[in-house]
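The sequence and model come first.

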Amino acid sequence: MSTGHAVVIGAGIGGLAAAVALHRIGWSATVLERAGELGEIGAGMSQAPNALAALDELGVGERAREAAVPSRATGNLRTADGRFLQRARAGDTPALLAFHRADLHRVLLDAVPPGWVRTGAEVTGVRADGTVTFTGGELRADLVVAADGIGSATRRLLWPDAPAPRFLGRTAWLGVAPVADQPGSVTLGPGGYFLIHPLSRGRAYWAYVTTCDEPGIRFEDEHAEAARRVRAWHDPIPALIAATPPDAVIHIDIRELAPLPSFVNGRVALLGDAAHAMSPDRGQGAGQSLEDAVVLAAALAEEPTVESALRRYDTERRPRSQAIARSAAVDGRVNTTRRFHRPLTAMIRLTPARLWSRSIAPDANDAWRWRPPRLAR
Ligand SMILES: Cc1cc2nc3c(=O)[nH]c(=O)nc-3n(C[C@H](O)[C@H](O)[C@H](O)COP(=O)(O)OP(=O)(O)OC[C@H]3O[C@@H](n4cnc5c(N)ncnc54)[C@H](O)[C@@H]3O)c2cc1C
């Protein structure tokens, strides 16, 4: 179809990617963000080849690569005492790029036309006909892209039967330390794992993910608690936590959304975590929101109406993102369940190095092999 105007709710990675994608196909958009200031809180993240392909199609691949560092985390698997179960080989091409979240967010924000984003604009009402009510007034759009995250108000309003996000029995501490030259690794301990990615500008991102009986348990000193839990683990784990500014340690519970029967209601499409919040264990949550944005824009560019474009978006995006969410939940469970620890580490240790290399190559699995549709220029 020709062009139109969209309201995008939320200026996280998903909402900004949607705005950039709409701009690429000649649409205009108003992005409503409830926060007073733009930016991403949080620590690091990795992006896999599928997400990088989406960033390329959004026209920001080069800038994204400049902001990131290749990580060998999937190649270097260790046990808590430091033994290598597998070790990245010099010839392996790292599949993952590691970003500070704020850096990836900035790359996308810079590609959004000036004046599109309104901060301090909390959306309180959304109707299927494209009417959006927010703290600054009301807008009517050809399309509403709801990228308002795991706690999406849009989902609550227009999908009233959808269950609330569910706790997955895991909790995580995250941080960024001013420590340079980390190659990236995953350490599997009994009942939890510790991830390290190198970041640009001499920093390292770490995350410790472990099981937990109930959500909402918090500690007076989260930095000390994270340090206590892995104090006997191999170098540089305790040192990385010690080097992290205490107020920069984040503690979150892992939650996901049960699969929705549709991502679309009238002129409203859910995108990113609002549609398919998933366990972080495959590093695919934000990557899936980038895919969503490209597929949505391609459908809008090629289909005759918004309705048919949204049908196509739902048909293409729902099965894939929900399958990846299912596999991420399984990976998270396997990697953190105590009784799986011995068989899991034995299996990894016994995998021939050449097979392991193949399993972490950039085209190793269906999630990573995805290729974006071309956006009309
Ligand atoms: C521990 C952890 C590690 C992760 N690691 C990775 C990784 O390595 N790789 C990866 O790809 N993904 C990863 N993810 C997932 C990733 O963080 C999310 O999938 C991604 O950030 C979702 O982006 P989003 O834009 O959909 O939602 P959000 O980032 O939640 O953004 C939603 C935005 O909407 C705004 N908003 C909310 N409600 C309203 C409203 N009513 N009105 C206006 N604005 C509103 C919010 O303020 C926010 O800015 C990880 C997640 C976790 C928890």
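A cavity is a set of points, on a 1 Å grid over the protein atoms alone, where a 1.4 Å probe fits but cannot get out. Its volume is the space filled by probe spheres set on the points, with grid points joined across faces, edges and corners.

## Basis

This is a predicted model, in which local features need pLDDT of at least 70 and side-chain atom pairs count only at pLDDT 80 or more, while totals for chains, interfaces and linings use all residues. Residues are numbered from 1 along each chain as its sequence is written, and side-chain values use heavy atoms, with hydrogens and water left out.

## Cavity

A search of the whole structure finds 1 cavity of 30 Å³ or more. The volume of the largest cavity is about 50 Å³. Its lining (residues with an atom within 4 Å of a point) consists of Ser71, Arg72, Thr74, Gly75, Ala88, Asp92, Thr93, Pro94, Ala95 and Ile360. This lining has 4 nonpolar, 4 polar and 2 charged residues, where Ala, Val, Leu, Ile, Met, Phe, Trp, Tyr, Cys and Pro count as nonpolar, Asp, Glu, Lys and Arg as charged, and the others, Gly among them, as polar.

Helices (H or I, at least four residues) are DSSP runs numbered from the N terminus. Axes are lines fitted to C-alpha atoms over the stretch in contact, and angles run from 0 to 180 degrees between N-to-C directions. Contact means heavy atoms within 4.5 Å.

Helix α1 (residues 13-24) packs on helix α9 (residues 285-302) at about 25 degrees, the axes being 8 Å apart. That makes α1 roughly parallel (under 35 degrees) to α9. On the α1 side the contact involves Ile13, Gly14, Ala17, Ala18, Ala21 and Leu22, and on the α9 side Ala286, Ser289, Leu290, Ala293, Ala297 and Leu300. By class, these are 10 nonpolar, 2 polar and no charged residues.

Between α1 and helix α4 (residues 101-110) the angle is about 25 degrees and the axes are 9 Å apart; the two are therefore roughly parallel. Ile13, Leu16, Ala17 and Val20 of α1 meet Leu104, His105, Leu108 and Leu109 of α4. The contact of α1 with α4 has 7 nonpolar, 1 polar and no charged residues.

## Helix α2 with α9

The axes of helix α2 (residues 49-57) and α9 come within 8 Å and cross at roughly 40 degrees. Asn50, Ala51, Ala54, Leu55 and Glu57 in α2 touch Gly287, Gln288, Leu290, Glu291 and Val294 in α9. This contact divides into 5 nonpolar, 3 polar and 2 charged residues.

Technical notes: Angles under 35 degrees count as roughly parallel, over 145 as roughly antiparallel, 65 to 115 as roughly perpendicular and the rest as oblique. On a 1 Å grid over the protein atoms alone, a cavity is a set of points where a 1.4 Å probe fits but cannot get out, and a pocket is an open set with protein on both sides within 12 Å along at least five of seven lines; lining residues have an atom within 4 Å of a point.
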